[in-house]
Amino acid sequence: MKKCRLSIVGAGYVGLSTAIGYASKGFHVIALELDAQKAEMINKAIPILYEPWLQKSLQEAVKKNLLKCTLNLEETILNSDITFIAVGTPSKPDGSIDLEQIKKTACDIGAILKKKKTYHLVVVKSTVIPGTTENVVKPILEECSNKRCGTDFGLCMNPEFLRQGAAIHDTLNPDRIVIGENDPKSGNTLEALFADFYGEKLPPIVRTNLATAELIKYASNAFLAAKISFINTIGSICEKTPSVDVKKIAEAMGLDKRIGPAFLNAGLGYGGSCFPKDIKALIAYSHSVGYSPKLLEIIEKVNNDQASKIVETCKGFLGNLNSKRIALLGLAFKPETDDMREARSVLIINQLLAEDAKVVVYDPIAVPNAKTIFKKTIEYAESSAECLKGADCCILVTEWDEFKKLEPENFTAIMKQAILIDGRRIYDPEEFSSKMKFAAIGLGQKPLESHLDLVLIDPLHKNEIINII
Ligand code: UDX
């Protein structure tokens with residue numbers, strides 16, 4: 001059977017991973033990227049973003065002539081049968097979704113569909129609020145093409161669930177596929193593509209209308225964010241409860257099949273390009289349709305409080321942070337990426353700088369991105385040892401593997417004051433608290449009489465004990 005020819009508008013995370021995924025299975029893919037420098041890099045198989053496996057898969061796709069990046073939308077549409085729209089949907093200042101790129105793309109595609117003689121399927125992959133594909137994309141496509149959706153061309157909404165750092169793996173192995181369809185022919189055409197692409201590994205497919213598919217994406221991300229803020233709430237209760245550790249609680253909870261173990265890692269909270277933006281957009285959408293989504297608002301608040309809490313912990317150890325040297329291990333919003341969008345490190349650094357602390361940071365790959373944000377206001381180290389040297393306190397922000405290998409001696413030997421705050425629960429509390437001052441998200445204090453070395457005396461109210469977290 002002849003394979004469908006595919007095109008993808010927008011070569012960001014979703015667009016590029018999708019393009020490479022399809023090319024890896026022998027499909028011809030044309031990607032449209034308006035940034036000429038990025039397009040040239042893709043055509044030379046130079047990765048435009050950090051992602052494990054991306055370079056290898058990109059090289060193979062370009063070498064086999066299966067993936068081509070162009071600046072020309074007409075070439076993209078006329079030489080393909082199905083077009084995925086994967087352009088950005090950023091937040092406006094009020095948190096609502098900015099649909100400008102989607103609207104422009106729909107209009108440009110429509111103008112080219114006007115010239116096309118054969119059936120073409122347009123698939124929205126960008127995350128958009130319910131009603132966007134039906135009420136924004138469809139009328140623009142119809143108006144600009146002067147054709148009828150459902151007969152002259154097809155339209156689907158196919159949300160993407162891939163994770164940064166696992167983008168290629170997730171493209172090739174999704175848990176499920178959601179097809180929101182304007183009409184049965186559109187849905188059948190897209191389902192046939194997936195059947196060809198996944199073969200025997202075809203995951204469960206949920207077919208639905210356009211708006212339901214759009215909301216499935218937001219609901220999924222909001223639920224995962226809720227799990228994180230839930231376990232962080234339990235963690236905050238643990239911190240006030242002697243000898244109780246949220247990790248044990250999460251382990252036991254996760255064994256309940258109704259709960260499951262994923263996304264129950266207590267820590268500094270979620271960041272990245274999706275969860276924060278999507279929760280904000282869902283809140284704004286919910287208000288716009290007349291429902292006040294209290295649960296979603298509190299998920300966001302709990303998440304943001306985690307960063308402030310860690311700075312308070314730091315102050316609990318050191319008192320005034322003025323001129324204190326605080327070392328941050330990790331900057332990226334999670335390991336295996338250099339992405340610092342909505343990274344918790346950014347909130348923490350800003351709060352530390354507001355307290356006049358001296359901030360020194362190290363991350364295996366995100367330092368160049370950090371330099372564009374913080375410029376010369378902080379120091380950048382080239383190794384964890386350089387970062388820790390002479391520091392008064394260390395905050396572990398991102399759980400990179402190389403940080404998991406650090407022993408207490410790696411801290412105690414070179415820090416000015418051996419104080420470690422574990423923001424991602426990667427260190428063994430027993431081992432580390434026996435050798436240095438140690439605090440961690442979700443970790444209750446030891447009973448006071450047996451571990452007095454962990455207890456701080458508030459200098460303002462001598463003899464009163466203050467909580468470490
Ligand atoms: C997420 C969704 O997982 C994905 O389905 C969607 O398509 C895009 O958004 P991503 O942003 O790449 O993917 O990262 P993810 O691995 O989900 O982690 C998001 C954030 O949550 C990270 O900051 C991570 O550190 C944090 N997190 C995750 C926790 O704090 N605890 C956990 O248990 C899991």
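Which residue in β3 is the bridge partner of I30? The bridge partner of I30 is K68. The model is predicted; local features need pLDDT of at least 70, side-chain atom pairs count only at pLDDT 80 or more, and totals for chains, interfaces and linings use all residues. Residues are numbered from 1 along each chain as its sequence is written, and side-chain values use heavy atoms, with hydrogens and water left out. The domain assignment gives domain 1 (6-208) and domain 2 (220-440); such bounds come from an automatic or database domain assignment.

**Eight-stranded sheet**

- Eight strands form an open sheet with mixed pairing, in the order β3-β2-β1-β4-β5-β6-β7-β8. Strands (E, at least two residues) and helices (H or I, at least four) are DSSP runs, numbered from the N terminus. Two strands pair if DSSP finds at least two bridges between them.
- β3 (67-70) and β8 (205-208) are the edge strands. Each has a single partner strand, so one side of each lacks a neighbour in the sheet.
- From one strand to the next, the twist averages 25°. Axes are lines fitted to C-alpha atoms, for helices over the stretch in contact; angles run from 0 to 180 degrees between N-to-C directions.
- β2 (residues 29-32) runs parallel to β3, and four bridges join them.
- Helix α8 (residues 184-198) packs on this sheet. The strands it touches are β1 (6-9), β4 (82-85), β5 (120-124), β6 (153-157), β7 (177-181) and β8. Its direction makes about 160° with that of β7. Contact means heavy atoms within 4.5 Å.

**Six-stranded sheet**

- A parallel open sheet has six strands in the order β11-β10-β9-β12-β13-β14.
- Its edge strands, β11 (379-380) and β14 (437-440), each pair on one side only.
- β9 (residues 325-329) and β12 (residues 393-396) pair in the parallel sense over four bridges. L329 stands opposite L396 in β12.
- Helix α12 (residues 294-318) lies across β9, β12, β13 (419-422) and β14. Helix α12 runs at about 160° to β13.

**Between the domains**

- The C-alpha centres of domain 1 and domain 2 lie 34 Å apart. The contact takes 17 residues from domain 1 and 16 residues from domain 2.
- The two domains bury about 1,300 Å² between them, 56% of it on carbon and sulfur atoms. Buried area is the accessible area (1.4 Å probe) that two parts lose on being put together, summed over both.
- Seven residue pairs, both at pLDDT 80 or more, are in polar contact between the domains. A polar contact is a pair of N or O atoms within 3.5 Å; within protein, one must be able to donate a hydrogen and the other to accept it, and residues adjacent in sequence count only if both atoms are side-chain atoms.
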